[in-house]
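I opened this notebook to look up how two chains of the structure meet. My entries follow in the order in which I looked.

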6 protein chains.
Amino acid sequence: MRPSERAPDMLRPVTLETGVNRYAEGSCLVSFGHTKVLVTASVDETVPGFLRGRGQGWVTAEYGMLPRATHTRGRREAAEGKQSGRTQEIQRLVGRSMRAVVDLKALGERQITLDCDVVQADGGTRTAAITGAWVALRLATRYLLEEGVIAKDPILDQVAAVSCGIFSGTPVLDLDYEEDSTAEADANFVLTGTGDIVEIQATGEKRGFSQAEFEALFSLARKGIADLCDLQRQAAGG
Amino acid sequence: MRPSERAPDMLRPVTLETGVNRYAEGSCLVSFGHTKVLVTASVDETVPGFLRGRGQGWVTAEYGMLPRATHTRGRREAAEGKQSGRTQEIQRLVGRSMRAVVDLKALGERQITLDCDVVQADGGTRTAAITGAWVALRLATRYLLEEGVIAKDPILDQVAAVSCGIFSGTPVLDLDYEEDSTAEADANFVLTGTGDIVEIQATGEKRGFSQAEFEALFSLARKGIADLCDLQRQAAGG
Amino acid sequence: MRPSERAPDMLRPVTLETGVNRYAEGSCLVSFGHTKVLVTASVDETVPGFLRGRGQGWVTAEYGMLPRATHTRGRREAAEGKQSGRTQEIQRLVGRSMRAVVDLKALGERQITLDCDVVQADGGTRTAAITGAWVALRLATRYLLEEGVIAKDPILDQVAAVSCGIFSGTPVLDLDYEEDSTAEADANFVLTGTGDIVEIQATGEKRGFSQAEFEALFSLARKGIADLCDLQRQAAGG
Amino acid sequence: MRPSERAPDMLRPVTLETGVNRYAEGSCLVSFGHTKVLVTASVDETVPGFLRGRGQGWVTAEYGMLPRATHTRGRREAAEGKQSGRTQEIQRLVGRSMRAVVDLKALGERQITLDCDVVQADGGTRTAAITGAWVALRLATRYLLEEGVIAKDPILDQVAAVSCGIFSGTPVLDLDYEEDSTAEADANFVLTGTGDIVEIQATGEKRGFSQAEFEALFSLARKGIADLCDLQRQAAGG
Amino acid sequence: MRPSERAPDMLRPVTLETGVNRYAEGSCLVSFGHTKVLVTASVDETVPGFLRGRGQGWVTAEYGMLPRATHTRGRREAAEGKQSGRTQEIQRLVGRSMRAVVDLKALGERQITLDCDVVQADGGTRTAAITGAWVALRLATRYLLEEGVIAKDPILDQVAAVSCGIFSGTPVLDLDYEEDSTAEADANFVLTGTGDIVEIQATGEKRGFSQAEFEALFSLARKGIADLCDLQRQAAGG
Amino acid sequence: MRPSERAPDMLRPVTLETGVNRYAEGSCLVSFGHTKVLVTASVDETVPGFLRGRGQGWVTAEYGMLPRATHTRGRREAAEGKQSGRTQEIQRLVGRSMRAVVDLKALGERQITLDCDVVQADGGTRTAAITGAWVALRLATRYLLEEGVIAKDPILDQVAAVSCGIFSGTPVLDLDYEEDSTAEADANFVLTGTGDIVEIQATGEKRGFSQAEFEALFSLARKGIADLCDLQRQAAGG
């Protein structure tokens, strides 16, 4: 029995609220249960130096966590003077995940930055961030299309993510913090709307785990991500 | 005529929503019009080194702004590797303002940190932060009293803040961004519930300004802060 | 009775010695009693990026304190790897104060940097720095006029500063360190030669303070700054 | 046809040379073709703060790349003043991989640090580092056993790693730089000697990829890692 | 002919003014012509961690240059966030030079820090700093003796320094900036009062130079340092 | 008797192995006994900003030490976030030493960076680095000549370095770590192939030392460097 009393293949209540920032070209407050991440998409009419003059755009992400997003207050990274390895790892993952479904040529020489700020954390912040970031990105690119800034839709597919893990020997979907902190293994899956793999990160936390266990996690993830993609389409307005 | 069509002595709609973070000992989402600051109060059972063994507590604040809180995206301070001078100036001000109304002996050897994170900015973020921080602090100290952690209420008075400025030659209350960016002078007032001065920061932005003008601003601030104190009491439950 | 035996409205002996650096376009060693600040004005024929091509100049300031300027040695900020919040707050204040009396268009596309380095500290370093910085700035702009680099005098007015505070219940002018460390409130006033307000920073250190107390401090400051302006004119040669 | 003319399931020539540092408790120079990583294992008789007094040890890793390890010189991270996100991601991965096969209780309150320094890079530096780090770790723990510092062997299993990818539509084993830079997808597999999963990181570089493709990569990795485990046993002396 | 019209073996006018800081245990403003360095000696009743409990003291130095000490304004190291290699090299040299003439056991478990801040630079700042630092150190240790803090004089000998160089083919003593910037070779000599070598740093700036040239420089330095030692004794009061 | 049983004027076994990095334009693994430094020369077709458009090139060096190059593991400078003063001092010395024998005009507007990474340290790493760096530089410039990138050989002379010291009262050549850590004085000599002085750094570690002692060290160095120059010519192929 999961602490949350959810069935093994059950997501937490997921909401994707859009239009939560009046300045951003796209925004989404994504909740997976008590995990809440505020995502904004910001369009910048320049590209990073390494892309200048190449006739293509870029999509990148930054990630942060408010100090009291967690049970006990963490240190503020800006005060520390650097981003942790974990933060950098997550923001690199979010950026790669978005770029996997964007036609960077169609975007033109401009950059979209997805800022993912965790307001409250209860496990699965990186997968929530990816799921919400796609919605914010979808809204920002639609805005660019509607304004006539770009002529061709750069979004090739949806992308969403969920974590799975082996909790007390059972493969379960969408770990919350209590489950995550004692799971034997956990895996983050990032899949497209058509079910292709964008990224898999699977880790044995306390022991190695078998291929059969891995496949059970993968199977849960495919189901969960299909549901998340439905929610994304509803949130982003088709 | 103000761009916002407000009368010179009129605050923006102000709301103080409590209980917005499930982990923090006190929390408040404060809005002054489109300016929104999320404040959490976190209790830590240790004090900074310079106070150890002194039999007194400490109250401090940290301030941050989400990159897209503003019209155009700003750089993330954690990625920059340092907090700007402006950020440090504001968090020092918030901390001083709270300490002015706290009996640090009554708090005992523990620290309360007020994290003030600007989710959306439309002028007056530091004064909104102070006004909301008092509510979060009030809730956290009440929690400590109710839990029996402390025996005596350390809160001596309320404290709230507002900005005023000279806009097109007229003294006005509670500047929004559009007003602030063209004001000839602006002043932040931090007053207690009994009307005493905790802090005044007045600056001539484009020119020096006269003592009479200063007094007009001060008079507007007293009125505005009295209203904010009413709202604080309602939000904090008396 | 003040520890210094000064009357409540009496400044410490103030000197403004010019020509103390053979390379700087303007320089001034300002002393308020034992507080000594060395100020140099350096002209740079470029402006910061945000002003390039705007046909106007910029005036900025940097502030530092030698490690043994104080009773006990402080840490060297260059060795620490960052400037403290206090340092940044002060240098921003000095820069704003100077810009309030400079016609930046008349300065042309060049920058003047006022370096304010505290050689010995006994309270009031920021107000001494402002008072001395105006002298160094005045000398540097006169040099530019005499060299024919600029055609129109960019200095619109004088600016000087002093701190006041409530010491043992009495409002007093020009706090030294001993007074400052036990004052109930203190306020820094930056006024122009014509008496307009450039900046007021008033803080209740141990308690809030009343409007009447504030007005007593303001009144002392006006008197003190008038005297400082006389000294500035003598030092800068009319 | 692979640029290297290798069959799809063929590793590059792999060597694991031990005893390459006269001070380290264990050391290994691992080569996968032109990729060369120098690994040292250093025993420290203290543990990080969060483990003090817990009666268990710790294994961690640091990763670096000499500036000219690559075709064109990269910047030296020590001169830059920070480690890149990529560096931190890799050193976290190497540390987790080692800890998955170590009985930290048996290690006692001491730490082993695996320094992985890339002397020459031609793709697959992180998987080479893991494969070599296990050898250095094995030698260091044997040294501790032989010296009587610890009584029980803390090594529970082997761990080795390899990258696979889809190159020109074909799943191939052990990507070199030329293959890696144009691969459609790549995946790093970290498996134990008994074939359990320690970590999988799979990424679609240019497109999402299918589950069938993923399984082909996984199958290649199992074969390659079995061979690497044979080489590890030979190098570490059984 | 030297630009300064000095004879090859002639020092600039050297002054060593003591008592220039009212808080420091020893202080000296040293001038070599237009080069002026303010040195303070600060006693701290703790030693660095690596010496704790060893029954001996430590002497160290820090070096800085005010931004406008030079012809054109340099960047402030505290604002840059780090000390340059040159700064670190110089402060290490000053510290080593002082320790060479101090009995660290006799000093007891306390540290003396020599802060050397260049107020104006015209060549030879590091040698001026060493020469002045000895005076400040001498005064601080005499203070400790007189206060009864230490019982035995820890100063074993004097130490002073001067630079020499080959200017237009001629070996000359005490280079000023104009000479230094075009010298073919320069050498800094740090010698004790009894003429022993504490440190020699000789560099061919534009070409290698011969042993005979080196010996000519050494000979000039011995003469100059003998004169500096006389001045030190006069300044430090015997 | 030296711990190493070498005669006072005997170098450790020195080897200079070239071609150790397949990407660098020149490379050399230099060993002085157990001290091993890997040097690569990298050509970059741009020069630092201060030289742009001056029609000349630049030669610079960077130095690093692998964490376990030493008996006990040191901290990784990239993880520390800064290079130590010692590191900066050494890399500045290596760069100056190379530039002393290079015709920067003949090099054209390009930069050669010598990366000197200490793989194992047993004293004398900086002098080994210089000796090996010349070989890597020689190979890189020959490559530029052979490729027709430059027309004229920019190498004016050889440059090599060795340390000497006073060990148990006896002047000895080429200190190893055990000797270095107890030497009374040590000196690093950098001389050209024709015997001119490029740099001398002599330090009394525990006491000042006499001119006669210095001359004995210098004499040993001249002999040792002559031998090192022979080895350089053999390694670099004449």
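Before turning to strands, I noted that two strands pair if DSSP finds at least two bridges between them. The model is a predicted one, and in it I found that S9(E) and strand S9 (residues 197-204) of chain F pair in the antiparallel sense over five bridges. As one example I looked up E:Glu199, whose bridge partner in S9(F) is F:Thr203.

I then looked up the extent of the interface, where 26 residues of chain E are in contact with 26 residues of chain F. The two chains bury about 2,300 Å² between them, with 46% of it on carbon and sulfur atoms. Of the area that chain E buries against chain F, E:Glu89, E:Ile197 and E:Gln211 supply 23%, more than any other three residues.

My last entry concerns polar and charged groups. I found two salt bridges between chain E and chain F, and in one salt bridge the side chains of F:Arg92 and E:Glu89 meet at 2.8 Å, N to O. Across the interface there are also 14 residue pairs in polar contact, both residues being at pLDDT 80 or more. The side of chain E that touches chain F takes its largest share, eight residues, from S9(E), and its residues divide into seven nonpolar, 10 polar and nine charged.

Definitions and conventions. Residues are numbered from 1 along each chain as its sequence is written. Chains are lettered from A and ligands numbered from 1 in the order in which they are written. This is a predicted model: local features need pLDDT of at least 70, side-chain atom pairs count only at pLDDT 80 or more; totals for chains, interfaces and linings use all residues. Side-chain values use heavy atoms; hydrogens and water are left out. Contact means heavy atoms within 4.5 Å. Buried area is the accessible area (1.4 Å probe) that two parts lose on being put together, summed over both. A salt bridge is a side-chain nitrogen of Lys or Arg within 4 Å of a carboxyl oxygen of Asp or Glu. A polar contact is a pair of N or O atoms within 3.5 Å; within protein, one must be able to donate a hydrogen and the other to accept it, and residues adjacent in sequence count only if both atoms are side-chain atoms. Helices (H or I, at least four residues) and strands (E, at least two) are DSSP runs, numbered from the N terminus. Ala, Val, Leu, Ile, Met, Phe, Trp, Tyr, Cys and Pro count as nonpolar, Asp, Glu, Lys and Arg as charged, and the others, Gly among them, as polar.
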